[in-house]
Amino acid sequence: MRKLLYALAATALLFTSWAQAQPELRSDHPERYTVVKGDTLWDISARFLNNPWYWPEIWHVNPQVANPHLIYPGDRLALVYIDGKPRITKVSTSDVVKLSPQIRSEAIDTPIPAIPLDAISSFLTDTRIVSPAEINGAPYVLEGEDGRIITGAGDRVYARGQKPADRVGVFRRSKEFVDPETGEFLGLEARSIAKGSITAENGDVLTMTLTRSSEEVRIGDRLLVNEDRRLTTNFVPSSPDEEIEGRMISVDGGVNQIGQYNVVAINRGEREGLMPGHVLAVMKSGNLVRDPVTGETIELPSERAGLLMVFQSYEKMSYGLILQATRPLAVGDRVKNP
């Protein structure tokens, strides 16, 4: 409870620091809106604001709306003006509900998240960034029961190494991230393959029973502690405090064209001040054209082509979700403060 109150107080300070910001209403904004199943706070805010990351500024004076855990399908929201400033409030039938500002604590679970969590749930709970030393030192799969080289849920596998914990996950080395500008190693992606528990230990040979699998477990896959990270739904979209200049360095699924709700990796992280909830603009590089007079090759100015929100940050890199794309994006496109 105390941690939640501290978090709410910190959020209130953030809102105060935005007091001078004036969110711009969309020209076609609704006067009333009824929340439906599948909505997110980002979607709802985008119906009212040109810049959806200003949603705390327009909702913060109403504690029943500023707290996202109290927004449910069927709730009716109304745009009103308080001291000449636009605010969103809940309404009952045709009457505005009057609320007195106060800090309220609510359960963490909420039916209306800030962003679509199904697009990022595997990254929050399974996929992680590790060092080569961490994964190289982890126990590795020798084979499955009865000498199988491929196994899955319900099977036993044998691994060799120091027992990490009773509840472990099977991970596979995935992408190695390198900064395209400096060549610095940023991290190694470990992709979750299966989960299970250690049921026997004979010296450095471990017996593991697989309880879940998303892919076939193979010889050489590694065992890491299952972190059981809790899904967070209370992201607070905001612009980073520091000036950020980076690039998108990878996209989940290896697609060529990046669009809305694709997960991307960027070459900036906690050391640059990036935290979950930070919104970045995606800049599309301008075309290269030939000057008809001088014959020189000229690069046209970059243009903003999308928005992403960071949902998982590590020391040197972060994962973000593309929330808006006005044209196809690509690995290598730049990201910056919105």
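Biologist: What makes β9 and β10 a pair?

Modeller: Two strands pair if there are at least two bridges between them. β9 and β10 have 10 bridges, so they count as paired. As one example, arginine 167 has serine 197 in β10 as its bridge partner. The two strands form a hairpin with six residues between them, and glycine 183 in the turn has a positive phi of about 80 degrees.

Biologist: How do you know that β10 also pairs with strand β11 (residues 205-213)?

Modeller: Same cut-off: at least two bridges are needed. β10 and β11 have eight, so they pair too, in the antiparallel sense. Alanine 194 stands opposite serine 213 in β11. This hairpin has two residues between its strands, with glycine 203 in the turn at a positive phi of about 65 degrees.

Biologist: Why is isoleucine 219 called partly exposed?

Modeller: Its relative accessible area is 48%. Buried means under 20% and exposed means over 50%, so 48% falls in between. Isoleucine 219 sits in the loop between β12 (217-218) and β13 (222-225). Together with Ile149 and Ile150, Ile219 forms a nonpolar surface patch with about 280 Å² of accessible area.

Biologist: Which stretches have pLDDT under 50?

Modeller: Residues 1-21 are one such stretch, and residues 95-110 are another. Where pLDDT is low, the predicted coordinates should not be read in detail.

Note on methods: Residues numbered from 1 in each chain as written. Predicted model: local features only at pLDDT ≥ 70, side-chain atom pairs only at ≥ 80, totals over all residues. Heavy atoms only, no water. Patch = residues over 30% accessible without salt bridge, like charges linked within 9 Å, V, L, I, M, F, W, Y side chains within 5 Å. Areas by Shrake-Rupley, 256 points an atom, 1.4 Å probe, with all protein chains shown as cover. Salt bridge = Lys/Arg side-chain N within 4 Å of Asp/Glu carboxyl O. Helix = DSSP H or I, 4+ residues; strand = E, 2+ residues; numbered from the N terminus. Buried < 20%, exposed > 50% of the residue type's maximum accessible area, 1.4 Å probe, protein only. pLDDT = per-residue confidence, 0-100. Contact = heavy atoms within 4.5 Å.
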